[in-house]
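The sequence and structure are shown first.

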Amino acid sequence: MIVESCAIEDVKIIKPKVFGDHRGYFFESYNDKAFEKLTNLKTKFVQDNESLSNFGTLRGLHYQKPPYTQAKLVRAITGKILDVVVDLRKDSKTFGQWYSEVLSEENKTQLFVPRGFGHGFVVLSETAVFSYKVDNYYNAESDSGVIWDDSDLNIDWQIDPEKVILSDKDINLQHFSIYKNNSCF
């Protein structure tokens with residue numbers, strides 16, 4: 001496993017070692033000891049989630065409010081997605097900055113999303129199966145998010161906005177401006 005840092009502190013790009021031959025491939029998608037050693041993070045994942053989505057489906061930008069905040073380890077099992085994280089930690093030097101990474105079945109790259117971040121993804125292939133580990137259980141009352149097309153964030157989703165498919169919940173998420181004075185992290 002190779003761990004890389006990105007422009008936003010604490011967000012990690014994880015690339016597994018893939019062993020392939022004429023039969024196919026094998027890789028270790030998660031190893032607690034290796035993860036802790038290479039990232040210096042002591043994260044105990046308690047739940048695995050998976051979704052299947054069609055081209056253009058955009059899920060996010062979601063987060064859980066304290067005390068139910070969640071760190072995530074995300075990946076695309078099939079297909080190709082653009083994964084996006086936004087730093088919502090008011091005291092962070094990267095507050096309000098976003099980072100994106102293409103995750104696909106081909107590159108097998110994973111992204112570690114720390115607590116205090118909004119998270120979302122958009123499907124760039126015909127379909128995609130998306131998987132993520134979380135370090136805290138879901139709490140419906142703590143569920144929140146930032147609208148995907150917020151003009152303050154100006155995220156490049158790498159897709160025509162007319163082709164984006166949203167849930168009713170995601171259509172009605174908040175604008176980033178509420179965090180400038182009222183951060184919940």
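Is Asp10 buried, partly exposed or exposed? At 32% relative accessibility, Asp10 counts as partly exposed (buried means under 20% relative accessible area, exposed over 50%, partly exposed in between; 1.4 Å probe, protein chains only).

## Basis of the model

This is a predicted model, in which local features need pLDDT of at least 70 and side-chain atom pairs count only at pLDDT 80 or more, while totals for chains, interfaces and linings use all residues. Residues are numbered from 1 along each chain as its sequence is written, and side-chain values use heavy atoms, with hydrogens and water left out.

## Overall fold

Two helices and 13 strands make up the secondary structure of the protein chain (DSSP runs, H or I of at least four residues for helices and E of at least two for strands, numbered from the N terminus). Of its 185 residues, 49% count as buried.

## Salt bridges

The count comes to eight salt bridges (a side-chain nitrogen of Lys or Arg within 4 Å of a carboxyl oxygen of Asp or Glu). One of them joins Arg89 and Asp10 at 2.9 Å, N to O. Arg89 lies in the loop between β8 (80-87) and β9 (98-104) and Asp10 in the loop between β1 (2-5) and β2 (12-15), so the pair ties together parts that are 79 residues apart in sequence. Arg89 is buried, at 17% relative accessibility.

Asp48 and Lys133 also meet in a salt bridge (3.2 Å, N to O). Asp48 belongs to strand β5 (residues 47-54) and Lys133 to strand β12 (residues 127-134), 85 residues apart. Asp48 is exposed, with a relative accessible area of 52%.
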